[in-house]
Amino acid sequence: MKFVIVLAAFVAVTFAAPQQQDKDAVILKSESDNIGVDGYNYAYETSNGISQSEQGQLVNAGTENEAIAVRGQFSYLGPDGVTYTVTYIADENGFQPQGAHIPQAN
């Protein structure tokens, strides 16, 4: 039984270890605006195929329903060599991701 636990722990650590490509990644692009009254935006891209961009703005300012509405996307290179992209909206209706690899509710 102890052997199985040790083996499972070893396998978990092996798969959790960062890949060489990720460990040596460098930032290729980084853009951002300071957070302000009108909102914010940022974007970045790394050498290992990860990128993200996001824009947020205050909606219903000064009311009881004041909230931040966010739109964005992120991409990453999966272990299978496929680039996965997720676009999303986060607002008063919650987090709403979309991507070709994400199952959709019927």
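This briefing walks through the sheet, a few of its residues and the aromatic pairs of the structure above. The model is a predicted one. Its six strands make an open sheet, running in the order β1-β2-β3-β4-β5-β6 with antiparallel pairing. Five aromatic pairs are counted, and a cluster of rings joins Phe74, Tyr76, Tyr84, Tyr88 and Phe95.

- From one strand to the next, the twist averages 10°.
- Strand β1 lies largely in the open, because the number of buried residues among its six is zero.
- Five bridges hold the antiparallel pairing of β1 with strand β2, which covers residues 40-46.
- Within that pairing, Lys29 stands opposite Glu45 of β2.

- Strand β3 (residues 51-59) pairs with strand β4 (residues 67-77) in the antiparallel sense, over nine bridges.
- Gln52 has Phe74 in β4 as its bridge partner, and Phe74 is also one of the residues in the ring cluster.
- Asn60 sits in the loop between β3 and β4.
- The phi angle of Asn60 is near 55°, which is a positive value in a residue other than glycine.
- With a relative accessible area of 43%, Asn60 is partly exposed.

**A closer look at Ser53**

- Ser53 belongs to strand β3.
- Is Ser53 buried or exposed? Its relative accessible area is 17%, and because buried means under 20%, Ser53 counts as buried.
- Leaving aside residues up to four places away in sequence, Ser53 touches Tyr42, Ala43, Arg71, Gly72, Gln73 and Tyr88.
- As a general point to keep in mind when viewing the sheet, side chains in a regular strand alternate between its two faces.

**Aromatic pairs**

- The count of aromatic pairs comes to five.
- Tyr40 and Tyr42 are stacked, because their ring centres are 6.5 Å apart and their planes meet at 10°.
- Tyr42, one of the contacts of Ser53, is partly exposed at 26% relative accessibility.
- Tyr76 and Tyr84 are a stacked pair too, with 5.5 Å from centre to centre and 25° between the planes.
- Tyr76 has a relative accessible area of 31% and is partly exposed.
- Which residues do ring pairs link into a cluster? They are Phe74, Tyr76, Tyr84, Tyr88 and Phe95.
- Tyr88 from this cluster is also among the residues that Ser53 touches.

- His101 lies in the segment after β6 (94-98).
- Its relative accessibility is 33%, so His101 counts as partly exposed.
- Which residues does His101 touch, not counting those up to four places away in sequence? Its contacts are Tyr76, Tyr84, Thr85 and Val86.
- His101 and Val86 are 15 residues apart along the chain, and 8.6 Å separates their C-alpha atoms.

Technical notes
Residues are numbered from 1 along each chain as its sequence is written. This is a predicted model: local features need pLDDT of at least 70, side-chain atom pairs count only at pLDDT 80 or more; totals for chains, interfaces and linings use all residues. Side-chain values use heavy atoms; hydrogens and water are left out. Helices (H or I, at least four residues) and strands (E, at least two) are DSSP runs, numbered from the N terminus. Buried means under 20% relative accessible area, exposed over 50%, partly exposed in between (1.4 Å probe, protein chains only). Contact means heavy atoms within 4.5 Å. Two strands pair if DSSP finds at least two bridges between them. Axes are lines fitted to C-alpha atoms, for helices over the stretch in contact, and angles run from 0 to 180 degrees between N-to-C directions. Rings of Phe, Tyr and Trp (its six-membered ring) pair if their centres lie within 6.5 Å; planes under 30 degrees apart count as stacked, over 60 as edge-to-face and the rest as tilted.
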